[in-house]
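Subject: Structure for your review

Dear colleague,

Please find below the structure that I am handing over to you. My notes on it follow directly after.

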Amino acid sequence: MAKKTQVSDIDRGVYDIINEERHVYRSDKGLNEEIIREISKEKNEPDWMLEKRLKSLEIYKSKPVPTWGADLSDLDVENIVHYVKPDVEQQHSWDEVPDDIKETFERLGIPEAERKSLSGVGAQYDSEVVYHSIKQELVDQGVIYTDMESAVHDYPEIVKKYFMTLIRPYDHKFAALHGAVWSGGSFVYVPEGIEVDFPLQSYFRLNAKGAGQFEHTMIVVEKGAKLHFIEGCSAPKYSVQNLHAGAVELFVKEGAELRYSTIENWSRNMYNLNTKRAAVDAHGKIEWVSGSFGSKVSMLYPMSILRGEYAKSEFTGITFAAEGQYLDTGTKVLHAAPHTTSIVNSKSISKGGGHAFYRGMLKATKKAHHVKSTVNCESLILDNLSVSDTLPIIEVENSNIDIGHEAKIGRISEEAIFYLMSRGIPEAEAKAMIVRGFVEPITKELPLEYAVELNNLITLELEGVVG
Amino acid sequence: MTLKEAGIDFKRIPLPESVVQITPDKYTPEIKKGSKKSVIHDVKKLIIPSLEFKKDLGNDFKNFISRKAETQLSIVIDQKDQDLIWLDYKEHGDLIENNHIYVAPYSKGTIVMDYNNFENSVHHGLTRIVVDEGAELTLIKIQNNHLDSQFIDQTQTEIHDNGLLKVVDIQLGSKNMIINYDTNLKGYKSKCVYKSLYMAADDRGLDLSFTANHIGKKTQSDILGKGVLGGEAKKVFRGTLHFERGAVQSVGKEEEVVLLLSETVKADSIPALMCSEDDVIGEHGASIGQLDENRLFYLMSRGLSEKEAKLLVISSSFKEVIEDIADEDIKLKSLESVDRSINYVIA
């Protein structure tokens with residue numbers, strides 16, 4: 001009988017800490033026009049935003065729940081409180097943040113990042129941004145980094161131009177829901193030619209029972225500018241089902257570069273139905289680094305729209321599905337212009353009855369000649385309770401292209417273990433090395449403290465037992 | 001009843017609106033080679049696959065076939081030596097066939113279904129195969145029908161312990177075609193090998209689906225697709241490997257190579273790996289539009305144009321598959337058909 005590798009669950013530790021709920025405002029359960037108006041009024045929004053919200057609500061009501069992919073039949077959208085606002089006002093310095101909130105963030109490692117003067121930290125607590133700081137030098141350069149609500153008020157012309165243009169409410173039910181109830185999120189605007197040389201970070205989490213989080217992230221990187229943005233999510237465990245339907249819209253202009261890293265580590269009762277899209281103009285580049293760990297159900301397919309000549313996209317993703325999890329992740333790349341290139345590297349691990357599903361789409365339109373693309377999917381399946389599926393769809397409407405696709409699924413090779421053992425490495429350590437080597441391409445893409453966190457998340461406790 | 005209502009909904013391929021009006025010919029293909037004894041028309045003693053198939057065209061399709069089929073073959077191979085049956089389908093109108101093939105334990109055989117109908121026709125076929133313990137079946141389907149024809153064909157196979165199925169599927173003719181192969185690797189060490197060759201130009205459409213479902217222990221599958229598309233041809237190639245729980249130490253491989261010759265083709269590839277067992281190896285690869293540049297450069301340096309060089313490379317890779325066919329006559333015929341088709345695609 002072949003030996004089985006034991007990989008322990010992610011040690012959730014601080015992520016399952018629940019703080020006492022204190023709210024100044026909590027909307028009624030369910031969703032109707034009144035609620036939307038209330039949300040908008042509470043935020044003191046301009047009319048054009050309210051109109052967008054109401055239009056989205058209309059679309060939301062007319063759209064069916066998607067039936068493909070994950071089973072969403074347990075999800076009762078009507079009973080989810082869409083909007084929860086903690087009773088803390090915007091803070092300007094770390095000291096002013098209430099202690100219990102601070103403590104959680106501290107345990108999540110944010111002050112450390114601050115101490116290392118990595119960048120401004122915008123952490124979203126429940127639905128509102130509670131803490132924000134941005135280095136003076138960025139402000140001087142004209143970089144705008146704020147929360148979405150403030151952006152709506154302070155930079156209406158930018159928000160109006162881009163808001164929900166990449167992810168339209170018509171796209172699917174949860175995009176429409178997002179459009180109607182969105183709350184919080186980050187807004188970054190990098191002016192032409194500015195290179196931000198340290199990563200901007202935002203860390204947010206959900207903390208109220210039954211609260212959905214619908215944060216909207218919008219990043220505009222103007223001509224020739226550069227930015228690295230990091231977003232991390234975690235939420236404590238609750239018995240009430242939680243829904244996350246955020247939206248991320250990234251605009252990479254001519255010759256600009258954006259690296260968007262995210263670690264999504266939701267609690268095990270979360271429905272993570274996030275939509276992320278990037279539009280890349282000529283000679284621009286988008287890099288996605290995406291880690292999906294927690295949540296009960298995830299459906300997450302970051303999309304790159306390469307609409308300018310010589311635009312590039314790179315996607316590096318890892319998914320870890322453990323017991324009771326269905327993680328349906330992947331990426332979409334649309335080559336809509338000539339000479340565009342894309343690279344997709346996806347890894348997944350499933351264990352203990354977890355279900356990892358890679359669902360990818362690569363499309364080259366008629367106009368997109370001289371396209372180059374490689375897609376690599378590797379799946380590691382650690383026991384025979386788990387399921388791992390790979391479905392990469394390739395659609396090509398052009399002859400002058402070069403597309404390669406490879407996928408591999410399997411367990412840890414006995415030969416590799418044997419080889420390492422013949423070199424004097426104990427079996428458990430050999431297996432650990434192989435699994436670490438498997439995720440290494442992802443961890444090395446992350447900044448140091450996130451890589452450390454990722455390693456903590458995948459606490460690999462390996463021992464050979466007869467299975 | 002439209003095909004959609006009949007449970008067939010292949011969005012990308014335009015299909016005849018109504019299948020109800022089809023009045024199939026009472027037709028039996030000519031046995032060009034092989035013993036007539038093997039082809040029995042008594043369909044009462046059928047050995048049919050016992051398990052459900054993953055990619056079934058649906059009960060409606062099955063009912064439609066069994067109700068309307070006017071061509072029913074029941075082929076039994078029970079020879080210890082290589083047995084060859086060559087069925088020649090030509091000069092017929094619309095055809096609906098419902099066939100059964102049974103390969104008895106430890107028997108070996110080759111069945112060639114050679115479709116080369118010159119008339120414009122519609123073909124609906126379902127072939128159910130059981131390969132028993134230790135048996136081997138080589139199934140060669142060559143489709144080179146009239147270029148306005150419709151060709152819809154499903155082959156379902158169940159393989160028992162140590163059984164082997166080899167399929168060579170060559171699609172050259174017809175305007176629109178749906179080809180669906182599904183194999184349940186039920187037995188210990190059962191194995192299936194699919195080799196699919198296709199060529200299409202003009203506005204023709206192909207929907208090719210090859211599925212291997214690993215159920216038994218140490219089962220093996222290999223899917224290879226090779227094709228050339230020109231004109232405004234559309235194709236979708238679905239290669240699916242399923243690994244059921246308990247299919248330990250199974251190995252599945254899938255590979256697809258497509259060469260696109262014009263700017264107006266549409267080529268979709270949907271390779272899928274569905275895995276519920278850890279102790280397996282599944283691999284798939286697809287490459288679209290790329291050929292070994294060194295090889296092309298070499299040929300072009302010898303005076304060939306880029307197109308000629310590409311075609312030479314692809315035809316030699318087609319021939320690689322055809323060369324494996326043991327019977328000389330069939331090999332010759334296939335090579336001829338492929339050559340003719342290549343010339344057509346260039347023109």
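The notes below take the two chains in turn, then their contact, and then some individual residues.

Please bear in mind throughout that this is a predicted model.

The two chains

Chain A contains 11 helices and 27 strands. Of its 467 residues, 52% count as buried. Among the contacts in chain A that join residues at least 6 apart in sequence, 83% link residues at least 24 apart.

Chain B contains 4 helices and 18 strands. Here 54% of the 347 residues are buried. For contacts in chain B between residues at least 6 apart in sequence, the share that joins residues at least 24 apart is 86%.

The contact between the chains

Chain A gives 30 residues to the contact and chain B gives 31. On the side of chain A that touches chain B, the elements contributing two or more residues are strand 25 (387-396) and strand 26 (401-410) of chain A. By class, that side of chain A has 13 nonpolar, 9 polar and 8 charged residues.

Both of these strands pair with strands of chain B. Strand 25 of chain A runs antiparallel to strand 17 (residues 266-275) of chain B, with 6 bridges between them. Within this pairing, A:Ser388 has B:Cys275 as its bridge partner. Strand 26 of chain A is joined by 8 bridges to strand 18 (residues 280-288) of chain B, and the two run antiparallel.

Two helices of chain A

Helix 2 (residues 47-62) of chain A has 16 residues and reaches 23 Å from its first C-alpha to its last, close to the 22 Å expected at 1.5 Å a residue. Its buried residues are A:Arg53, A:Ser56, A:Leu57, A:Ile59 and A:Tyr60. Seen down the axis of helix 2 of chain A, the buried residues fall within an arc of 165 degrees, so they line one face of the helix. An α-helix has 3.6 residues a turn, so residues three or four places apart point the same way. On the other side of helix 2 of chain A, A:Asp47, A:Glu51 and A:Ser62 are exposed. The cover over the buried residues of this helix includes helix 1 (33-42) and helix 8 (173-181) of chain A.

Helix 10 (residues 427-443) of chain A has 17 residues and spans 23 Å from first to last C-alpha, close to the 24 Å expected at 1.5 Å a residue. A kink of about 30 degrees lies in helix 10 of chain A at A:Gly437, shortly before the proline A:Pro441. In this helix, A:Ala430, A:Lys431 and A:Ile442 are buried.

Individual residues

A:Pro169 sits in the loop between helix 7 (156-162) and helix 8 of chain A. It is buried, with 24 other C-beta atoms within 10 Å. Leaving aside residues up to four places away in sequence, A:Pro169 touches A:Lys55, A:Ser56, A:Ile59, A:Met164, A:Ala175, A:Ala176 and A:Gly179. Two of these, A:Ser56 and A:Ile59, are buried residues of helix 2 of chain A. From A:Pro169 to A:Val188 the separation is 19 residues in sequence and 22 Å in space, C-alpha to C-alpha.

In chain B, B:Leu260 belongs to strand 16 (residues 250-260). B:Leu260 is buried, having 24 other C-beta atoms within 10 Å. B:Leu260 and B:Gly231 are 29 residues apart in sequence and 9.2 Å apart in space, C-alpha to C-alpha.

Two further residues are listed for their backbone angles. Most residues other than glycine have a negative phi. A:Tyr310, however, has a positive phi, near 60 degrees. A:Tyr310 lies in the loop between strand 18 (303-306) and strand 19 (312-321) of chain A, and counts as partly exposed with 19 C-beta neighbours inside 10 Å. B:Glu91 likewise has a positive phi, of about 50 degrees, although it is not a glycine. B:Glu91 is placed in the loop between strand 4 (82-89) and strand 5 (95-103) of chain B, and is exposed, with 12 other C-beta atoms within 10 Å.

Yours sincerely

Note on methods
Residues numbered from 1 in each chain as written. Chains lettered and ligands numbered in written order. Predicted model: local features only at pLDDT ≥ 70, side-chain atom pairs only at ≥ 80, totals over all residues. Expected span 1.5 Å × (residues − 1). Bend = angle between axes of the 7 residues up to and from the residue. Buried ≥ 20, exposed ≤ 12 C-beta atoms within 10 Å, placed from the backbone. Contact = placed C-beta atoms within 7 Å. Nonpolar A, V, L, I, M, F, W, Y, C, P; charged D, E, K, R; others polar. Pairing = 2+ DSSP bridges. Arc of directions from axis to C-beta.
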